[in-house]
Amino acid sequence: MTEQKRTDVDWEDLRFFAALARHRSLSATARALKVNHATVARRIAALESVLGFALFERRADGYQLSRHGTAILSEAGAMEIAASAIRDRLAYTNGPSGRVRLTTTRSIADLVIAPRLGDVLGGLANVELEIVTDIRVHSLAQREADIALRLGHPKDSDLTGKRVATIGYAFYASKAAAETVDESGPARLIGFDLDTDGVAEARWLETRFGRDAFTFRSSSNIVQASAAAAGLGIAMLPRFVAEHNPGLVEIDYGEAMPDRELWMLAPANLVDIPRIRAVWDGLAQVFSASSERL
């Protein structure tokens, strides 16, 4: 007997599709969904067969959404979110559960959040928090992250936002270097690596001082602070980063970049899912306790 070809869309296939769009590889998607990669491939193939078009382009650097895949991603993502919310609410009798993915800068993660993780996760025994700190801005719309801590006022009206801090900046150097700083002389500056042109601080520094003024570069404010403390040059740093390095002193090297607002963001249709709301509220308390100005 010939097996009849399926003609309806399986919601479970859509969940696999949304996950592969987010993770971009079979192996990463399989790990996230706790299945093997063959199951992911089979689910995607079944969905493409029912729909009659390819959802992804298979490239050397991973799975890239096709034109058709991009067109249905928002609907599939909405269904994934709705299903996740239902699962969370049904399981809420034992407290919030599941994974929450937070994206932020390395310095915020290391110096502000990590020391207070007990306050964020206290009483949340079934919540798994994952903190992502790479330079690339992760997309909340594509579920690459559930919560983001970002500098600058948000422009996306589909996000729920809360201003949690104001970041101030100043110039710093080692104690020995500070005694020889002369604004009229050539700058020996510490800045961001050339792959971080999209970072506002990197653009501000190079606009003011030029690309050739730097003797050391790093994408990490914490590494920049260590380099400045070692006498390699002058670094413009967030004040909260410099305050964690006793080898630094603030210097007068002209006006630093203006203060920047730190915003906590989440998709409006996600923020009230219990596990995400619990982490959101815990982070808000951490920043409130750290004072509004970092």
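Q: At what angle do helix H1 and helix H2 pack, and how far apart are their axes?
A: In this predicted model, helix H1 covers residues 11-23 and helix H2 covers residues 26-33. The two helices pack with an angle of about 125° and an axis separation of 9 Å.

Q: How many nonpolar, polar and charged residues make up the contact of H1 with H2?
A: From H1, the residues Arg-15, Phe-16, Ala-19, Leu-20 and His-23 take part. They meet Leu-26, Ala-28, Thr-29, Ala-32 and Leu-33 of H2. By class, the contact has one charged, two polar and seven nonpolar residues.

Q: What is the geometry of the aromatic pair of Phe-171 and Phe-209?
A: The model holds five aromatic pairs. In that of Phe-171 and Phe-209, the ring centres are 6.2 Å apart and the planes stand at 90°. Planes over 60 degrees apart count as edge-to-face, so this pair is edge-to-face.

Q: How many residues apart in sequence are the parts that Phe-171 and Phe-209 tie together?
A: Phe-171 belongs to strand S7, residues 169-174. Phe-209 belongs to helix H8, residues 200-209. The pair therefore ties together parts whose separation in sequence is 38 residues.

Q: Where does Tyr-253, which pairs with Phe-171, lie?
A: The rings of Phe-171 and Tyr-253 form an edge-to-face pair, 5.6 Å centre to centre with 65° between the planes. Phe-171 is in strand S7, so the pair ties together parts 82 residues apart in sequence. Tyr-253 lies in the loop between strand S11 (248-251) and strand S12 (260-267).

Q: Is Phe-171 buried or exposed?
A: The relative accessible area of Phe-171 is 2%. Buried means under 20%, so Phe-171 is buried. Tyr-253 is buried as well, and the term for Phe-171 is buried.

Q: Which residues do ring pairs link into a cluster?
A: The aromatic pairs number five. Ring pairs join three residues into a cluster, namely Phe-17, Phe-56 and Tyr-63.

Q: Why does Thr-104 count as buried?
A: Thr-104 lies in the loop between S3 and H5. Beyond its neighbours within four places in sequence, its contacts are Ala-109, Ile-113, Ile-131, Val-132, Thr-133 and Leu-149. Thr-104 counts as buried because its relative accessibility is 4%.

Q: How far apart in space are Thr-105 and Ser-220?
A: Thr-105 is in the loop between strand S3 (98-103) and helix H5 (106-113), and it is partly exposed at 32% relative accessible area. In sequence, Thr-105 and Ser-220 are 115 residues apart. Their C-alpha to C-alpha distance is 8.7 Å.

Q: What is the phi of Arg-24?
A: Most residues other than glycine have a negative phi. Arg-24, in the loop between H1 and H2, is not a glycine, yet its phi is positive, about 70°.

Q: Is Lys-34 buried or exposed?
A: Lys-34 is in the loop between H2 and helix H3 (37-51), and its phi is positive, about 60°. Its relative accessible area is 73%. Exposed means over 50%, so Lys-34 is exposed.

Conventions. Residues numbered from 1 in each chain as written. Predicted model: local features only at pLDDT ≥ 70, side-chain atom pairs only at ≥ 80, totals over all residues. Heavy atoms only, no water. Phe/Tyr/Trp six-rings, centres within 6.5 Å; stacked < 30°, edge-to-face > 60°. Helix = DSSP H or I, 4+ residues; strand = E, 2+ residues; numbered from the N terminus. Buried < 20%, exposed > 50% of the residue type's maximum accessible area, 1.4 Å probe, protein only. Axes fitted to C-alpha atoms, helices over the stretch in contact; angles between N-to-C directions. Contact = heavy atoms within 4.5 Å. Nonpolar A, V, L, I, M, F, W, Y, C, P; charged D, E, K, R; others polar.
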